[in-house]
Structures are given as structure tokens and as C-alpha cells.
Amino acid sequence: MKISVVGSGYVGLVTGACFADLGNSVICVDIDTKKIARLKKGLMPIYEPGLEELVHRHLKEGNLTFTSDLRAAVRKSDILFIAVGTPPRPNGEADLSSVEAVAHTVARELNGYKIIIEKSTVPVQTGEWIAKTLRRWAKKGAAFDVASNPEFLREGSAVQDFMNPDRIVLGVESKKARDILSDLYKPLKATLVFTDIKSAEIIKHASNSFLATKISFINAISRVCELAGADVEQVALGMGLDRRIGRNFLNAGIGFGGFCFPKDLSAFVRISEKLGYDFQLLKAVQDINEDQKRHFVRKVEEAVWNLAGKTVAVLGLAFKPNTDDMRFAPSVDIIASLQASGAKIHAYDPHAMEKAASELKNVRFFKDAYAACRKADCAVILTEWNEFKELDLGKLKKMLSQPVIVDGRNLYEPAKMKSMGFRYISMGRI
Ligand code: NAD
């Protein structure tokens, strides 16, 4: 099939490369001309396992191309995915101006039946706005369908997730669109869930909100565990073995971040409010998440007494492992709070330091965890990279000027750390 994917970020680039791998002819479009020029040379704008190899292969085979010319791409395609960013406005609402701009250009270039598909995460009723925009600006009688196909891939395993989804949600309103999208996704042999467009839009917001709720729930439990002298890891295991609950997303820590959960939660709260519902549960989820970061900073402060003039070695900056994405990473707020109390920050992350350098001020970056810890008053762990699970802790201890680790991701066994002579503080465990 002839496909254009508009927006070549984490979602668009992975979607484009994977559809090329499934035998389609794909044009990836982006407004960022520098990004496109680099992609044409096979240079990746993001770190994502397996993506570079796919892009190189299909660039060479000629079934994956890159352009900034959206108008030409529209004319050459039968299926158009909109995968542009939908960032939060200051009031939490999703900023849909890029979605509208794309819909407007697509409308003007419609030269035969096409399906225009929302892949970006958008509030319910966005599909109606896209259809209205297309009707308003397309030539009379232009044939099209709008569909919703929310994306559930996770950064860090995006290619793997795209190729092996738990389900594919397709909001469609015509048999033609349903048939074409069934064929498009057939090679994945995945469960297809067909719904109306509005329900598909809500499925995405509801899914992310539910996962964020699980995280805040276990973080709240971890606070009770700390006060009562219980162990949240044992609690999570005991709860998670109940199949109605499940163990996933029951990891206590410093709270969720990234480009999806915080903004999708805010957008869902806002759209619910606009529709007339005060989503108090999700507001509590947000509050717990913010408080968890403050709680972590208090732990660091308690561990070193006064932060002023102390050096804190931060291990892990990305919002989660296997990605270089720093957008809304908890590390950004936590580092800012530590600095506000006078701490100097030495940092190391296996992949996110380049992106972090533009987000963080007055931070010194180091080539590995040991170098970051040299002469530091304590180490704090903010991202659960596998590399940190395998650190030589004896060597790390020698580097630190005080053997103190505050672990926001519960990577190590408290008893073992104690026996090694560390003062080890983690989340929801004694
Ligand atoms: P991103 O910022 O990495 O990529 C968006 C791209 O769109 C950028 O390269 C930008 O230059 C481009 N763009 C913006 N306006 C454009 C326009 N008018 N024409 C062409 N290109 C334009 O964002 P992302 O992480 O890929 O997210 C995209 C959407 O997918 C968002 O709605 C997000 O919520 C959703 N989503 C993201 C993830 C994820 O893990 N990142 C997962 C599922 C869904």
C-alpha cells in the first residue's frame, strides 16, 4: 500500500519503518527539514533499539523515503497517518494545532479516495474536527475517510511493540476503511479491535490514565509501607499474582514521566472537564505523582543532612531505560530541586546525556557511573538501566566520599547493601 506518515518522531518514524518492513511503500514526512536531511542519510534523530537497522535496510531498498513536502506526499499516498506531536498547552489541554495544520494541507491536496488516520494521541472528538476541516477545504465531492488508530508502543521497545501488539485499535466509520485497515495490519496477525472513532480516541486516553493510576497507587502504598515498616516489593508481589490485578506497573519509585503519561492525563482531565465531568480520581493520580518527586528529594536531604555545597551523583536521566527521551523526565524536576537547595550535580546516563544537556543547567556529565560518583557525597538512582543493576558496588563505594545511595528505582537488595557498608535508602522499603 502507498502510505505517508506525517511526523517522523518516536511514533511516526517507528510506524513508517515498520510499515516499510511489512512490504508497503512509505513516505515519512516532517516539518523539521534538518531532521529529514539527516534521515535521508540514515542518521537517526532518536535512540530506539532495532530502528536504525530497519531504516537503513528500507532506505536502501527504496520503499522508505523521507521528505518535508507534505503536499507531494499526500498526492502519492492512499493512506495517511498523522503522527505529529500533541504537546500540552499551559492549561493542560492538548495542543492540536499541528494536527489541524496537517489536516488542512491534506484537504487541499486530496486527489482521490484516501484514509486519514489519527495516530497521535488526541482528545475525544478530534476525529470530528479533522473530518470538518477536510470537508471545509477539500474540493467538492472529494472522497475520504477519517479513522483513529491510537498507538500503544513503548519507547525503548517501540519496534518490538509495533510488530507484536497486544491489540490494534481501529476506530472506523465505513466498511471501506475497515477493509483497507484490516488488510494493512493483516501481516501482524494481531487482534484487531474495531470501534467507532470516539471510542478509539477514549481507549488511548483511558489506557494511559489507567496505567498511570497503577503507578500512583503503588507509590501511595509505598508511603504507607514506609510509615508502617513494611516492604512495598513484597506487597506488590502479593498483589500482582492476583490475575485480576497483575504485577506490571506496580513498581514503586519516583513517579511517572515521559512524553505520554503526564500530558495524556492532563489532556484527559481537561477534555472530561469540558464535557462536564470532574475527573477527581485522575487529579489525585497527578498529585501523588508530583508529591513522590518531592518525597524523594526529602530522602536525599535526610541522607546527607544539608544539601548546600554537597555533590550529588545522579545515575540515570532518561524517564525510563532504553530511551534517550528526556521529555517530562522526573530527573528534570528532581535535579532542579536538589540544585535549588544548593547541591552540585554530577550526572551519567547511558544514552540520554546529549538530550539532557539541553534540558539541564549547571550539570556536569561524566563518561560512566563510577566517574560521576568520584568524591560525591551520595549517589541517587533515577532510571533503572540494566547497566546500573550490574555495577561493581565495591568499586562504586570506593569512589563516593560517603557510602550513601538513595535509590529511586529499588534496584538493589537492602540487606545486601547494608552488609556492604552502604547507607542505602530506597522507596517503600526499610
Ligand atoms: P515527537 O515529538 O517525537 O515527533 C513529532 C514529530 O512531528 C516531530 O518530528 C515534529 O517535527 C513533527 N511535526 C510537528 N508538526 C508537524 C507538521 N505540521 N507537519 C509535519 N511534521 C510535523 O512526538 P512522538 O513522541 O512521536 O509523539 C507523537 C504523537 O504520538 C503524540 O500525540 C504522542 O502523544 C503519541 N504517542 C507517543 C508515544 C511515545 O511513546 N512517544 C506513544 C504512543 C503515542
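Predicted model: local features only at pLDDT ≥ 70, side-chain atom pairs only at ≥ 80, totals over all residues.
Residues are numbered from 1 along each chain as its sequence is written, and side-chain values use heavy atoms, with hydrogens and water left out.

**Stop 1: the sheet.** Select the six strands of the open sheet, ordered β11-β10-β9-β12-β13-β14 and paired in parallel. Strands here are DSSP E runs of at least two residues, helices are H or I runs of at least four, and both are numbered from the N terminus; two strands pair if DSSP finds at least two bridges between them. β11 (363-365) and β14 are the edges, each with a single partner strand, so one side of each has no neighbour in the sheet. From one strand to the next, the twist averages 20°.

**Stop 2: β12.** Now zoom in on β12. Four bridges join β12 to β9 in parallel, and three parallel bridges join β12 to β13. Click A379: A313 stands opposite A379 on one strand, and I405 of β13 stands opposite A379 too. V380 has V406 in β13 as its bridge partner. Which way do the side chains of β12 point? C378 and V380 go one way, A379 and I381 the other, and all are buried (under 20% relative accessible area with a 1.4 Å probe, protein chains only; exposed is over 50%, partly exposed in between).

**Stop 3: α12.** Select 280-304, the 25 residues of α12, which reach 37 Å from first C-alpha to last, close to the 36 Å expected (1.5 Å times one less than the number of residues). α12 lies across β12, β13 and β14, at about 170° to β13; axes are lines fitted to C-alpha atoms, for helices over the stretch in contact, with angles from 0 to 180 degrees between N-to-C directions. Its buried residues include L282, V285, F296 and V300. Among the elements covering the buried residues of α12 are α9 (197-228), α11 (261-275) and α13 (330-340). Just past the helix, W305 takes a positive phi of about 75°.

**Stop 4: α13.** Next, show α13, lying across β9 (311-315), β10 (344-348) and β11, at about 150° to β10.

**Stop 5: α9 and α11.** Finish with α9 and α11, whose axes come within 9 Å and cross at roughly 115°. Residues in contact (heavy atoms within 4.5 Å) include I202, L211 and I215 of α9 and F261, L265 and F268 of α11.
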